[in-house]
Amino acid sequence: MATPKIVPKLVIGANEAVSARAAREVGADLIWFSGFVASCLLGVSDNDSTAIESWAPLLQGVQRVGLPVILDFGSRGISSTDFGNQIQYVSRLSLGGVCVEDERLPKTNALLVSDKRVLLSPTEMAEKIVIARMTLGTSVQLIARTHSVLTGELLPILQERIQRYMAAGADALCIHYTGTSWDSHKALLNKIYSGPLMVILSNMSELPEAFKRDAPAYIVFPNQLYRMMVHPVLTFTESGKRFSTVRDGSFTNMNLASTESLFGVIDRIQREAAAYGN
C-alpha cells in the first residue's frame, strides 16, 4: 500500500496585523513571527540579544488576526536561568508554537555564510527543550531547530541531536533549507528521523519543485511578505532619491496603497478580532 502523501501546513511570516491578515487570506495555516523581521522593525541586530518583551506589542497585533502564531524564539538564554525566565514570559503569550534553536550566542542569521557559527552541545540543547516543555505544557507546540546541516556536522552527531531533542520533549524538528538538492536532504533525514519536519525557506519566492513530490509536514516562508513590502522603499532610497527631491513630489511616481484600503483592512481586523475574542 502506498504511503499517504503529506499535505503540508503552510506557515507564512508576519510581524504586524496587516501582513498577518494578508497571510491568512492567501491560505496560511499558521503565522511565523520572525525574529529577523522583528529585529528589522526595531532597528537592532538579529543576534537574539534583544529582550523578548520588546516584541510583545507587535505580536499582539498579529494575534488579532486569529491564526495560531509560532514564535521564532531563536537561541535566547545566556544561561539555563535566563532561558527559563524568558520561556516563562513566553508561556503567557497564548502562542500556538515556539521554535527554539541550537546555535550558541551570539548567533549568526541562517541566511549569512559564516565559519564562526557554533552550536550548543546536544545535551545543552536538550536541557533547554526540557525547560521549555515543562514551562509551556503540552498545549503549545515545541519545535527544535537545528543548524547542524549548516555547520556541516557529521551524520552521527546530527542523529544524536535529533534523538536527544525528541526525547527531551520536542514535537517537531526544524531545519533551514539552503537551496541545495532537497532530495539528498530528505534522503539524509529519512535515515535518522521519521517525525514531523518543518522546513524554513528564507531565500525563496516559490515552492521548490521537489517539495511538490515529497513535502515536509510544515513549509515556512518566514520573511517574504516583509521583504516584498520593504523592497520599494529600499529601491526608492538606493536610486538616489533624497529629501530634497521628495519635496518636489517624487512620491507621486510611486505605487502607494490608498489610505482608504488600509483603513478598511484595519476595520476588518478589528471586527474579526472582536468576533474571535482577541
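Guide: Valine 44 counts as partly exposed, because its relative accessibility is 36% (buried means under 20% relative accessible area, exposed over 50%, partly exposed in between, with a 1.4 Å probe and protein chains only). This is a predicted model, where local features need pLDDT of at least 70 and side-chain atom pairs count only at pLDDT 80 or more, while totals for chains, interfaces and linings use all residues. Residues are numbered from 1 along each chain as its sequence is written, and side-chain values use heavy atoms, leaving out hydrogens and water.

Valine 44 sits in the loop between helix H2 (35-42) and helix H3 (56-63); helices here are DSSP runs of H or I with at least four residues, numbered from the N terminus. Together with Leu41 and Leu42, Val44 makes up a nonpolar surface patch with about 210 Å² of accessible area. Patch members have over 30% relative accessible area and no salt bridge, with nonpolar side chains (Val, Leu, Ile, Met, Phe, Trp, Tyr) joined within 5 Å and like charges within 9 Å. The areas come from the Shrake-Rupley method with a 1.4 Å probe, and for residues only the protein chains shown count as cover.

Now to the charged contacts. Side chains of opposite charge can pair when their charged atoms come close. The structure holds 11 salt bridges, each defined as a side-chain nitrogen of Lys or Arg within 4 Å of a carboxyl oxygen of Asp or Glu. One of them joins glutamate 25 to arginine 24, with 3.1 Å between the closest N and O atoms. Arginine 24 is buried, at 18% relative accessible area. Both residues belong to a salt-bridge network that also takes in Arg21 and Glu272.

Two further pairs are worth a look. Arginine 161 meets glutamate 153, with the closest N and O atoms 2.8 Å apart. Here arginine 161 is buried, with a relative accessible area of 3%, whereas glutamate 153 is partly exposed at 26%. The other pair is glutamate 160 and arginine 164, whose side chains form a salt bridge at 3.0 Å, N to O. These two lie four residues apart in helix H7 (residues 155-168), so about one helical turn separates them. Glutamate 160 is partly exposed at 32% relative accessible area, and arginine 164 is partly exposed at 35%.
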